[in-house]
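The stops below can be selected one after another.

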Amino acid sequence: MSAALPAFLAAARTQLGEFRREPGTLLMLVTAPFFAVILLSVTEHGGRADLAAYALLAPAVMTSVGMAVMEAGESIFRDRASGVLEAIMTTPAPLAAVLSGRVAAITAVSLLGIGECWLVGALGFGVVVAVAHPLVFALTLAAAAAGIAATGVLLAAVFVVGRNVRSFQNSLTFPLYLLGGAMVPVAFLPWGFEALSRLFFLSWATDLLRDSLSPGPVAAFWPRLGAVLGLSAVLFAAGFWLAHRLVRRVRRTGTAGFA
Amino acid sequence: MIAVLRQTMWSGWTDLRLVYTPTTWAFGWMVRVLCQVVFYSTLGTLLGDPDRTRFLLVGAAVFIAANETMMASASTTWERMSGTLSLLAAAPAGMVAVLAARSWFWIATGTLSSSIALLALAPFFGLRLGFGESAAAVALVFVTALTNYAVGLCCGSLALRFHGLRNVFANIALLTMTAFGGVMVPVAFWPAGLQWFAAAFPAVHGLAAVRLAIGGGSAPAVLAEAGFAFATAAGWLAVAAASLWWFQANARRTGSIDFGD
Amino acid sequence: MSLTGIDAPAVEVRALVRDFATARGGPPRRALDAFNLTVAPGEVHGLLGPNGAGKTTLCKILSTILLPTSGTARVQGLDVVTDAKRVRPLLGIVFGGERGLYARMTAAQNLRFWAALYGHGRREGRRRAAELLERVGLGPRANEPVETFSRGMKQRLHLARGLVGDPRVLVLDEPTVGMDPVSAHEFRDLVEDLRGEGRTVLLTTHDMAEAEALCDRVSFIDGGRLLRCEDPRVLGELLSRHERVRAAGVPEALAARIADLPGVERVRATGPGAVLVETDRGGAALPVLRTLVEAGVTDVSTAPPTLEEVYLHLIGERGMAVRP
C-alpha cells in the first residue's frame with residue numbers, strides 16, 4: 001500500500017495544528033484586511049467604483065501567495081532543524097507527499113483571506129462585490145489554489161536545496177504580486193514584463209477571477225483555465241523533481257544540516 | 001557607556017552582514033523594493049490618472065524608509081535571542097540607547113533603498129525632479145527613516161515582552177501608517193478621528209515634508225512637518241522606554257531575565 | 001529470483017566503505033572501512049564501539065538516508081541503494097538524542113503522524129499510537145506536548161516511533177542514552193519482547209553491560225572497522241576478568257604487596273595514596289579487596305573495565321592494532 005496519501009493527509013493535519021499552536025504563523029491573515037483598506041481606498045478616492053472588485057481580490061490573492069512563500073519555506077526549515085526531515089526520509093512516504101500536504105493546508109487556510117477582504121469592503125466601505133459568474137470564479141479559484149500550492153512546494157524545495165537562497169524569501173512576495181497581476185492586470189505592465197508574466201499561472205488566474213466578478217461575458221474561459229492548470233502542473237513537476245533531488249543530495253553527502 | 005554603544009553598533013553591523021550580502025541586497029531586497037513601489041504606482045496607471053500615479057510613487061517610495069526602519073523591531077529581538085540583553089541591567093533609558101545603537105543600520109539602508117526607489121523610478125512614472133528637489137527629498141527621507149526608527153524601537157520593546165507575537169506589532173503599525181497616513185490617498189480622505197491618529201506617526205509627517213519639498217511648498221512649511229516628525233518621534237521613544245521598563249520589571253519578577261528561548 | 005524472504009540474512013553488509021568530504025578540500029574522512037556484518041533473522045545484535053567508531057554511519061546507510069561510497073548493504077536480501085523503496089517499510093529506526101519529533105505536538109499526535117508516513121490510515125494510526133504508547137509506558141502522558149517530556153521519555157517515544165511501521169528489522173542507535181536506570185531496565189524488557197516476536201534488532205551502544213545483557217552476538221567496531229564479532233559471554237568474561245579495584249589511603253608498602261597477589265596485572269597510582277588495581281583473571285578482585293580491608297583501608301570500590309581497556313585486551317589477544 002502506498003504511503004503517499006496517508007502522509008499527505010497527516011502532513012496537512014500537522015500543519016493545521018501548527019497554525020493553532022503558533023498564531024504568529026497566521027500573520028498574513030492579520031495583514032490582509034489592511035491591504036484591502038489600502039487598495040480599496042485608492043479606487044474609492046479615485047471615484048472608480050468599477051475597480052472595487054480589483055481592490056478586494058488583490059489582497060486576498062496576495063495573502064494566499066504570501067503565505068505559501070513564507071510559511072512553506074519556514075515549515076521545511078523547522079523540520080530540518082528538528083531532525084524530522086531526516087526521519088521522514090527513512091519512511092516509505094515520499095518527501096514530496098509530505099511537503100504537498102503541508103502546503104495544501106497552508107493554501108486552504110490562506111483562502112480565508114477572501115472572506116476577510118470581502119468583509120472589509122462591505123463593513124468598512126459599504127462596497128459589496130457580487131460574483132457575476134460563480135462557476136467561473138469557483139473553478140478558477142480552485143485552479144489558482146493548486147498553482148499557489150505548487151509555488152509553495154517549489155520554493156520550499158528551492159530554499160533547502162540552494163545555499164543562501166533563503167535570504168531572498170522575504171524579497172519574493174512583491175515581485176510575484178506584480179508579475180501575477182494581483183492588483184493591476186499584467187496588460188498594464190511595460191514591454192517584456194507582460195510576456196514574462198504570461199509564463200506565471202497567476203497572471204492568467206487573476207485575469208479570470210476579475211472577469212468572473214464583472215457582469216460581462218467571460219471570453220475564452222476554458223483555454224485560459226487550461227493555461228492556469230498547465231502552468232501550475234509545470235510548477236508542481238519542478239517542485240517534485242527538486243524535492244527528489246534534495247533527498248538524493250542528502251543521501252549522498254549526509255550533510256543537509258543534520259546532527 | 002560610550003564604549004558599550006560603540007560595541008553595540010559594531011554588533012549591529014555584523015548582524016547586518018548576516019542579513020544581507022551585497023548580492024542579496026541588490027538582487028533580493030532592492031528588487032523587492034522596486035517591485036513594491038511599481039506595484040503601487042501602477043495603480044495610478046490603472047486609474048488612468050498621472051497625478052495619482054506620482055502621488056502613489058512618492059508615497060510608496062518614501063514609505064520604504066518606514067518599512068525598513070520597522071525592522072528594528074525584529075532585530076531587537078535578536079538581542080534577546082543572543083542573550084546579551086541580560087547584560088544590560090542598567091536603567092531603562094540606558095537600554096533604549098543600547099537598543100537604538102544596535103539597529104542603527106536600518107536607518108542607513110532604509111534611507112538608501114527609499115531614495116534609490118524614488119529617484120530611479122521617478123522618470124518612468126512622469127515625475128520630474130531637479131537637483132535641489134532630489135537633494136531635499138533624500139534629506140527628508142533620512143528624517144523619515146530616523147524618526148520612524150523610534151516607532152520601530154517601540155514595537156521592538158513590545159516584541160521583547162510578547163515574543164510569540166514578535167512580528168505582529170511592527171507589521172500592524174506599518175500597515176496602519178500606510179493605510180491612513182497619506183501614503184496612497186490624502187489623509188483628508190479619512191474621518192477626522194483617523195486623521196488625528198495618523199498624525200501621531202513621525203513617518204506621516206516625514207512623507208508630508210517630502211511631498212511639500214518636491215511639490216513647491218514653502219521652506220517653513222517643510223521644516224514644520226519635519227519638526228512634527230521629530231516631536232512625535234520623541235513621544236514614541238518615551239513609550240519605548242516605558243515599555244522596556246515594564247519588560248524589565250516583569251522579567252525580574254518572573255525570573256526570566258535570561259530570556260533564553 | 002528475489003532473495004527476499006526467510007532464508008536471507010536480516011542484515012548483510014559486505015565491504016562497506018563510507019567517506020565524508022572534509023572542509024576545504026582536505027582528504028576525505030573514512031567513517032566506515034571495508035565493514036562486514038551479517039545478522040540472522042530474529043537475532044538481537046549489538047554493535048559496540050566508542051563515539052566516532054562508525055556506528056551511526058552504518059545505521060544511516062541501513063536506514064537508506066545515506067549512500068555508501070562502495071560496498072553493499074542488504075536488509076532482508078534487499079539492497080539499500082537500489083531497492084531503498086522496498087527496504088523502508090521493513091525497517092524501523094530509532095536515532096539517539098531528541099531529534100526527529102515535533103516538540104509542540106503531543107506524543108499521540110506524533111505517533112499518528114509517523115504511522116501515516118508508514119502508510120496507515122487514520123483509524124489504524126490511532127490504534128497503533130495508543131497501543132505503542134501503552135507499551136512504552138507513556139499511556140498516561142499520551143496527550144501532552146513532547147516538549148514537556150524528560151529526555152528518557154522522549155527516548156521511549158522514539159522507540160514507539162520506530163515500531164509504528166511494524167518493522168521486521170529494528171535499528172536502534174544508542175537508544176538508552178539519557179534514560180534513567182529504571183527506564184533503561186524497562187527498555188531491556190521491551191527488547192526481550194521484540195526478540196520474542198521474532199523481530200531482528202541491531203542495537204548500537206557503548207554500554208558493555210547493556211550489550212552483554214541484551215544481545216545474542218556483539219560486534220566490536222572502532223575506526224570504521226569490525227574488530228571482532230563475539231558471543232556476549234566473551235564480553236561478560238572479559239568484564240569480570242578485568243575487574244578493577246579503586247582504593248584511597250593505601251600506603252606504598254601495601255600497594256607493593258597487592259601488586260604481588262595472583263591475578264593482579266598492575267597497580268597504578270592515581271593520586272597521593274590512591275591506587276587503581278587492574279586484574280587479568282576472574283575472581284582476582286576478591287583477594288585484593290580482602291587484603292585492603294584487612295589492612296584497614298575502607299575507601300574501596302570495584303568497577304568493570306572501560307570500553308577502551310576491553311578493546312585493548314581484545315586486540316592484544318589478536319595482536320592487531322586498532323588504527324593503523
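How far apart do the end C-alpha atoms of residues 11-248 of chain C lie? Select that span: the ends are 48 Å apart, and the span is 35% helix and 27% strand. Helices (H or I, at least four residues) and strands (E, at least two) are DSSP runs, numbered from the N terminus. UniProt, in an unreviewed entry, lists residues 11-248 of chain C as "domain: ABC transporter"; its positions are given in the numbering used here, feature names are shortened, and annotations may be inferred rather than shown by experiment.

This is a predicted model, in which local features need pLDDT of at least 70, side-chain atom pairs count only at pLDDT 80 or more, and totals for chains, interfaces and linings use all residues. Residues are numbered from 1 along each chain as its sequence is written, while chains are lettered from A and ligands numbered from 1 in the order in which they are written.

Next, show chains A and C together. Their contact takes 26 residues from chain A and 28 residues from chain C, where a contact means C-beta atoms, placed from the backbone, within 7 Å. On the chain C side, β6 (91-94) and α3 (107-117) each supply at least two residues; α3(C) gives the most, with five residues.

Now select α1 of chain A, residues 4-21. Among its buried residues are A:F8, A:A11 and A:Q15 (buried: 20 or more other C-beta atoms within 10 Å of the residue's own, with C-beta atoms placed from the backbone). The buried residues of α1(A) pack against α3 (52-81) and α5 (95-110) of chain A, together with α3 of chain C.

Finish at C:V267, which stands opposite C:V277 in β13(C).

Key:
Contact = placed C-beta atoms within 7 Å. Expected span 1.5 Å × (residues − 1). Buried ≥ 20, exposed ≤ 12 C-beta atoms within 10 Å, placed from the backbone. Pairing = 2+ DSSP bridges.
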